[in-house]
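Dear colleague,

I am passing on the structure below, together with notes on what was found in it. Please read the notes with the coordinates open beside them.

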Amino acid sequence: MDLVSYGDLAVDLVNTQHPHHDDLRDLEGLQALLLNRPQLGGRTAHRDLDAMRELRAELRAIFVSAARGDAEDAIERLNILLIQHPVHPQMTRHDGQDWHLHFNEGGSVPDRVAARTAMGLAAKIGSQGIDRLGVCRAEDCGRVYFDTTAKRSRRYCSDRCAGRPSVTAACHPSPPRVSVSRRPARQSGQ
């Protein structure tokens with residue numbers, strides 16, 4: 001059982017939603033997300049698509065809370081997912097391998113994805129820290145990532161987004177800041 005890949009699936013699922021495009025707009029988009037994960041595939045219906053969009057929003061909220069430094073909220077949200085979508089491990093052997101642990105293949109596609117992504121995120125957070133979850137700081141991006149840098153210094157989802165702020169600043173310099181003094185508002189009775 002590779003929990004890391006399920007944590008990566010959480011990132012992939014959240015990143016199906018872009019500011020101007022939704023990769024989960026139809027069943028083909030859902031099938032494309034699961035294409036390289038045959039253990040999660042199966043028959044899907046429109047209700048599964050709706051459930052996957054709900055799961056995507058719940059996972060995004062975990063990343064957003066973690067990125068703004070609210071670990072308590074992020075973990076509370078993750079724990080809710082873990083309770084709502086418990087995993088059912090089982091021992092199995094296949095393809096000439098010895099006995100090893102797998103998740104039970106029962107349940108709907110969204111239930112299997114929810115259980116595995118929640119477990120994958122929990123494993124990654126438990127081993128590497130919640131401060132590894134981030135949201136891209138590039139304007140008009142919003143993609144999420146798991147920071148794997150040694151110094152926990154990642155701020156962007158990709159090199160492309162990391163280069164955007166400097167290009168934007170060079171092309172559109174900010175106007176000089178003007179300091180404005182503000183008087184405190186008068187309170188009634190004074």
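**Helix 1 against helix 5**

Helix 1 passes helix 5 in a left-handed crossing, a crossing being left-handed if the near helix is turned anticlockwise from the far one by less than a right angle, and right-handed if clockwise. The contact (heavy atoms within 4.5 Å) is made by residues of helix 1 including Leu3, Tyr6 and Leu13, and by residues of helix 5 including Val113, Met119 and Lys124. Helix 1 (residues 3–14) and helix 5 pack at an angle of about 110 degrees, with their axes 7 Å apart; axes are lines fitted to C-alpha atoms, for helices over the stretch in contact, and angles run from 0 to 180 degrees between N-to-C directions. The two helices, helix 1 and helix 5, are therefore roughly perpendicular to each other, a term used for angles of 65 to 115 degrees.

**How to read the model**

This is a predicted model, in which local features need pLDDT of at least 70 and side-chain atom pairs count only at pLDDT 80 or more, while totals for chains, interfaces and linings use all residues. Residues are numbered from 1 along each chain as its sequence is written, and side-chain values use heavy atoms, with hydrogens and water left out. Helices (H or I, at least four residues) and strands (E, at least two) are DSSP runs, numbered from the N terminus.

Within helix 4 (residues 71–84), Asp73, Ala74, Leu78 and Leu81 are buried, that is, under 20% relative accessible area, with exposed meaning over 50% and partly exposed in between (1.4 Å probe, protein chains only). Seen down the axis of helix 4, these buried residues fall within an arc of 130 degrees, so they line one face of the helix; the arc is that of the directions from the helix axis to the C-beta atoms. Glu72 and Ile83, on the other side of helix 4, are exposed. The cover over its buried residues includes helix 3 (46–67) and helix 5 (109–128).

His85 lies in the loop between helix 4 and strand 3 (89–92), and counts as buried at 18% relative accessibility. Leaving aside residues up to four places away in sequence, His85 touches Asp111, Ala114 and Ala115.

**Two positive phi values**

Asp95, in the loop between strand 3 and strand 4 (100–103), has a phi near 50 degrees, a positive value in a residue other than glycine. Asp95 counts as exposed at 72% relative accessibility. Phi of Asp140 is near 65 degrees, again positive in a residue other than glycine, and Asp140 counts as partly exposed at 49% relative accessibility.

With kind regards

Terms used. Expected span 1.5 Å × (residues − 1). Parallel < 35°, antiparallel > 145°, perpendicular 65-115°, else oblique.
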